[in-house]
Amino acid sequence: MKRIKFLLLYLLLSTSALFATGIKTKPIYKDPSQPVEVRINDLLNRMTLQEKILQITQSSAGSNDVPQNRLEVAQKSNPQLGSFIYGNENAVLRNMIQKDAIEKTRLGIPVLFGCDIIHGYRTVYSIPLGIGCSWNTDLYRQACSVAARESRLSGVDWTFSPMIDVARDPRWGRIAEGYGEDPYTNARFAEAAVKGFQGDTLSAPYSIAACLKHYVAYGASEAGRDYVYAEVSDQTLWDTYLPPYEAGVKAGAASIMSSFNLISGVPGSANPYTLTEILRNQWKWDGLVVADYAAIDQLINQHVAANRKEASKLALESGVNLDMCDNCYPENLEALVNEGKLDVSTIDNAVKNILRLKFRLGLFESPYTKELPEKSRVMQQDGLNIVKNLAEETFVLLKNDKNLLPLQKDKKIALIGPLADEKGELLGCWSGHGHPEDVVSIFTGMKQEFGESNVVFAKGCEIDGNDSTHFGEALQAANRADVVVVCLGEHSWWTGESASRSDITLPSLQLHLLKTIENTGKPVVLLLANGRPLALEDVAPHCKAILEIWQPGIQAGVAVAQTLSGTNNPSGRLDVTFPRSVGQIPIYYDRRNPARTGEMGHYQDISSDPMYEFGYGLSYTQFTPSDITTSSVTVHEGQPFQVEINVTNNGQYDGKEVVQWFVSAKADKIARPIKELRFFDKQMIKKGEAKTFKCNIDPLRDLGFVDNKGHHFLTAGDYTISALGKNIQITVTPKP
Ligand code: GLC
């Protein structure tokens, strides 16, 4: 007892002495030695209701290529707001706003600056749909870390990326922004993006916070239209659309963006089941949920709120922490509290999540961005090399009759088409702060690789329209060449947000040009630069080779030319199915088996098979797989085992092979897809050599499935494991 009295006396004397000498003790929330949760609670207890509400409000500042993200001057930006979408290309405006926040507000809470850095900041790389075809998550992680460095050095702390919406409808323009049709693929690339953006710790100088989006099932948008209804059963929610988010959350993603779409009648931005029950109660995630742009206000359009006040209450109570740019929260929350319709604790929970992110980012200790010249912030050579290598690995060789490719270096080449000497279109949608003039066009790359005198260019026509008056020049170029490379595809703005298209064929003008060139009798190589799977059934017969290059970013011309010359052997494999026609949609590999097999139930007018299936892609070399071997043919839950396959390179070129491991259940309590991707691996195999590809299998994780409540289970029975067309049978026995 005496000791306690002495301690109390000591504490009383020491604090009064401090006050007496006028030394102000630093508030706990400003003390980096304190635990983050202690700092959060200290700060929260100091905040007024109005300060709390402004903290969970985001506006925009600066200007970029997204019209909605424009607010020209800092003066209009209230420094008490929690966050801004930041559009400028350097940190000057950011620091102006931040200085006001730190020095002119009562508590000096730093502002969080976010931006859509989807596939590169200034060093723009391939669109994500192409990146998924690389099957190289480590290289992608490196590209994301380049984007993170350029972003943080330019005033951005937080990116609204990766977009991990499983998508199976090429009519939907946003299919370009994700990693294709498969849950497992999107999950692995989600992890790679989170690691690349966030590094080892968020407070590191080149780390930025990641944001998994659009949570959830946005890719199931009805008929490929945008912002609409998505019919998703709880079973499909759990076995198809949630796995990438669960992987991203486990990888440490700092934030999640709630989606525009209805999830079977309940908006993604007003959905207590997905936003609170799953994220908080089941996954125990403590990150920040930001609404998509004006999604709270849009709850009125979706007929779940009669007005903005109701929308604000619904979104906040469902689990949306931060209001993006529609001003609903600052306009309505205080009145809802004063009217006894909203508990302050709900606001407190939201405020805690944004403060937690700010503390973890180190913004209280380092709120400002050093204002460096552009040349030391962006477009560094290491980044250019990474994105060139990544572009090369995204290319998918769809056709190569008589090994037309690679082209010999002494060949006279006619380079034709609306995308042959294009720049901006090859950046794709959501190109951040990409500058078209930074892009190496295909024409420039071809001249560098094959020699100026060996390459002749003729545009032939535009991407769309009906003007064929320049076909003549293209014909002249073709007739003087040994081989013709035709570059066709889409505008960059034909994919991305609000970019649905009912027709997924190439514009008829482009097909007309291709057929005109084919009639010269010269061998034709088709390069496709597009942001969605295209229906190529009427295109493929009119060329000898097809290379899908997607929208490969600023190193496009270098990567394409080095691939056509054979310096790079294409190793891409499709992460999304290419339908024969829009009439086949939805069509994807991990479908359920029909009740009747054989020809029963097939289309009467076209084949029911896709034009090019998930995982398809050719190489300049030939790979031969061995049979699969396994360490066990009979296993039970909790008994890991290993399968492996040897692949030999019998061809004339070194090449990278991708091995995708699929599992199939013979029977289960829930009808399972005919096959499910559960692992993939990519290795370089030099010509004449062989490599072993191994897969360590955890029976529950890899052979099991998930039910409509998110519970994983494994059913005893027979399973098939397959890779490269080979397969092996495994039996799971009941758990001992
Ligand atoms: C848009 C998009 C979202 C983006 C946000 C901020 O509407 O849906 O992907 O991150 O607004 O620009």
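Trainee: Which helix holds Arg280?
Mentor: This is a predicted model. The helix in question spans residues 272–282. Arg280 sits in helix α10.

Trainee: Which side chain of opposite charge is nearest to Arg280, and how far away is it?
Mentor: Arg280 is buried and has no salt bridge. A salt bridge needs the charged atoms within 4 Å.

Trainee: Which side chain makes a polar contact with Arg280?
Mentor: Look beyond the neighbours within four places in sequence. Arg280 is then in contact with residues including Leu275, Trp285 and Val289. The polar contact between side chains is 3.1 Å, and the partner is Asn321.

Trainee: How much of the ligand's accessible area does the protein cover?
Mentor: Start with the polar atoms around the ligand. An oxygen atom of the ligand lies 2.8 Å from a polar side-chain atom of Arg174. For the side chain of Asp292, the distance from an N or O atom to a ligand oxygen is 2.6 Å, and for Glu497 it is 3.0 Å. On its own the ligand has 310 Å² of accessible area, and the protein covers 99%.

Trainee: How far apart in space are Ile628 and Cys211?
Mentor: In sequence they are 417 residues apart. From C-alpha to C-alpha, the distance between Ile628 and Cys211 is 39 Å.

Conventions:
Residues numbered from 1 in each chain as written. Predicted model: local features only at pLDDT ≥ 70, side-chain atom pairs only at ≥ 80, totals over all residues. Heavy atoms only, no water. Helix = DSSP H or I, 4+ residues; strand = E, 2+ residues; numbered from the N terminus. Buried < 20%, exposed > 50% of the residue type's maximum accessible area, 1.4 Å probe, protein only. Lys, Arg positive; Asp, Glu negative; His and termini not counted. Polar contact = N/O pair within 3.5 Å; in protein donor to acceptor, adjacent residues only side chain to side chain. Contact = heavy atoms within 4.5 Å. Areas by Shrake-Rupley, 256 points an atom, 1.4 Å probe, with all protein chains shown as cover.
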